[in-house]
Amino acid sequence: MSTPAVHVPVLLDRVTELLGPACAAEGAVLVDATLGLAGHSLALLDAHPGLRLVGLDRDPQARAEAAARIAAAGHTDRATLVPAVFDELPDVLDRLGLTEVQAVLFDLGVSSLQLDRPERGFSYAGDGPLDMRMDPDAPRSAADVVNTYPAAELARVLRVYGEERFASRIAAAIVRERAREPFTRTERLAHLVRESIPAATRRTGGHPAKRTFQALRIEVNDELGALQRALPAALDALAVGGRVAVITFHSLEDRIVKQTLAAGATDRTPPELPVRLPEYGPVLRLLTRGGEGPGDDELAANPRAASARVRAAERIRRAA
Ligand SMILES: C[S@@+](CC[C@H](N)C(=O)[O-])C[C@H]1O[C@@H](n2cnc3c(N)ncnc32)[C@H](O)[C@@H]1O
């Protein structure tokens, strides 16, 4: 039996403050691109009685739990939950007949529901199937990656997505061990990673398998590719005055968000022109100074928030 997921939305106050002004008008639409257990969405629905929610998640368990929470709060009639990967956002809005929306939230990565249930295979702490698919119907699991990728490709995934400095050693050990017997369980992989890194480094930087598991999860779910496609589409869908907020959990995600928002906030007048032309002006105004992290109180209450950073922006005009 699964235990009920304990859920603590990260940076909740700051996100509701950042998106609030865009959610206040009657009929405003919030797209929560990563609904999860609907923690942020519920806070915004509670605060803004005229707000409608379009909630996306590719995880059926998350959608079911979110639907139950939204119903318990009495907001079902204002919520539409959609099974989708968030880079399908333009199609989803099309199908719902929405040409623009007032707010978009991305709270990236895995939810406590996914992380805390060993049967989902995300956790290096407990034993479970080596799965890590957010959408259990997706074609490729972590076991497929671990058992079939060539050593060099595996090392690249661990180095780039996990920022793992022992990527080649770990990849070589995986390739050696999988020839004896394919990997099917998280515990065996976590143990092998621990054994593959120098003993002196095992004592620092948390669990030695943390970076490998993060890397595999990002690869299995194409997390960076989906973000790179979805964020520009979300900005396109924003009405003038509409706001986007993105919570990231590692530097690779944060870099994509930082660059995408900065590009929208930059004047594009060609340098050879003597004056700035309005049609080349910024389409976004940044609402955060850099990536904002949690305060001490939140950190004390929820250590998982430690690496969370939020960036937000407002659309100030339509692109020419
Ligand atoms: C960190 S949780 C969101 C938690 C949520 N803000 C809350 O307060 O309950 C991220 C959720 O987004 C979903 N998710 C991640 N990447 C996704 C993607 N590319 N498309 C759709 N859903 C995604 C995951 O399945 C997970 O349920």
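In the predicted model, alanine 38 is in contact with Ala66 and Ile70, leaving aside its neighbours within four places in sequence. Alanine 38 is found in the loop between strand S1 (29–32) and helix H2 (39–47). The relative accessibility of alanine 38 is 0%, so this residue counts as buried. The UniProt record, an unreviewed entry, lists Ala38 under "binding site", together with Gly39, His40, Asp57, Phe86, Asp107 and Gln114.

With a relative accessible area of 10%, aspartate 57 is buried. Not counting residues up to four places away in sequence, aspartate 57 touches Thr34, Leu35, Gly36, Ala62, Arg63, Val82, Pro83 and Ala84. The side chain of aspartate 57 reaches the backbone nitrogen of aspartate 59 at 2.8 Å.

A search of the whole structure returned 2 aromatic pairs. Phenylalanine 86 and phenylalanine 106 form an edge-to-face pair, with 5.1 Å centre to centre and 90° between the planes. This pair links distant parts of the chain, 20 residues apart: phenylalanine 86 is in the loop between strand S3 (79–83) and helix H4 (89–95), and phenylalanine 106 is in strand S4 (residues 101–107). Phenylalanine 86 counts as buried at 11% relative accessibility, and phenylalanine 106 counts as buried at 0%. Tyrosine 124 and phenylalanine 213 also form an edge-to-face pair, at 5.8 Å centre to centre and with 85° between the planes. Because tyrosine 124 lies in the loop between helix H5 (112–115) and H6 and phenylalanine 213 in helix H10, the pair ties together parts that are 89 residues apart in sequence. Tyrosine 124 is partly exposed, with a relative accessible area of 26%, whereas phenylalanine 213 is buried at 2%.

Helix H10 (residues 210–220) is mostly covered, with 8 of its 11 residues buried. Among the buried residues of H10 are Phe213, Leu216, Arg217 and Glu219. The buried residues of H10 pack against helices H6 (142–148), H7 (151–162), H8 (167–180), H9 (186–196) and H11 (223–237). Aspartate 222, which follows H10, has a positive phi, near 45°.

Two arginine side chains were assigned to aromatic rings. Arginine 156 lies over the face of tyrosine 161, at 5.9 Å from the ring centre. The charged end of arginine 188 sits over the ring of phenylalanine 183, 4.0 Å from its centre.

The chain averages a pLDDT of 94, and 97% of the residues score at least 70. Over residues 1–5, pLDDT stays under 50, and the model has 8 contacts beyond four places in sequence for this segment. Where pLDDT is low, the predicted coordinates should not be read in detail.

Notes: Residues are numbered from 1 along each chain as its sequence is written. This is a predicted model: local features need pLDDT of at least 70, side-chain atom pairs count only at pLDDT 80 or more; totals for chains, interfaces and linings use all residues. Side-chain values use heavy atoms; hydrogens and water are left out. Buried means under 20% relative accessible area, exposed over 50%, partly exposed in between (1.4 Å probe, protein chains only). Helices (H or I, at least four residues) and strands (E, at least two) are DSSP runs, numbered from the N terminus. Contact means heavy atoms within 4.5 Å. UniProt positions are given in the numbering used here, feature names are shortened, and annotations may be inferred rather than shown by experiment. A polar contact is a pair of N or O atoms within 3.5 Å; within protein, one must be able to donate a hydrogen and the other to accept it, and residues adjacent in sequence count only if both atoms are side-chain atoms. pLDDT is the predictor's confidence in each residue, from 0 to 100. Rings of Phe, Tyr and Trp (its six-membered ring) pair if their centres lie within 6.5 Å; planes under 30 degrees apart count as stacked, over 60 as edge-to-face and the rest as tilted. A charge sits over a ring if NZ of Lys or CZ of Arg is within 6 Å of the ring centre and within 35 degrees of the ring normal.
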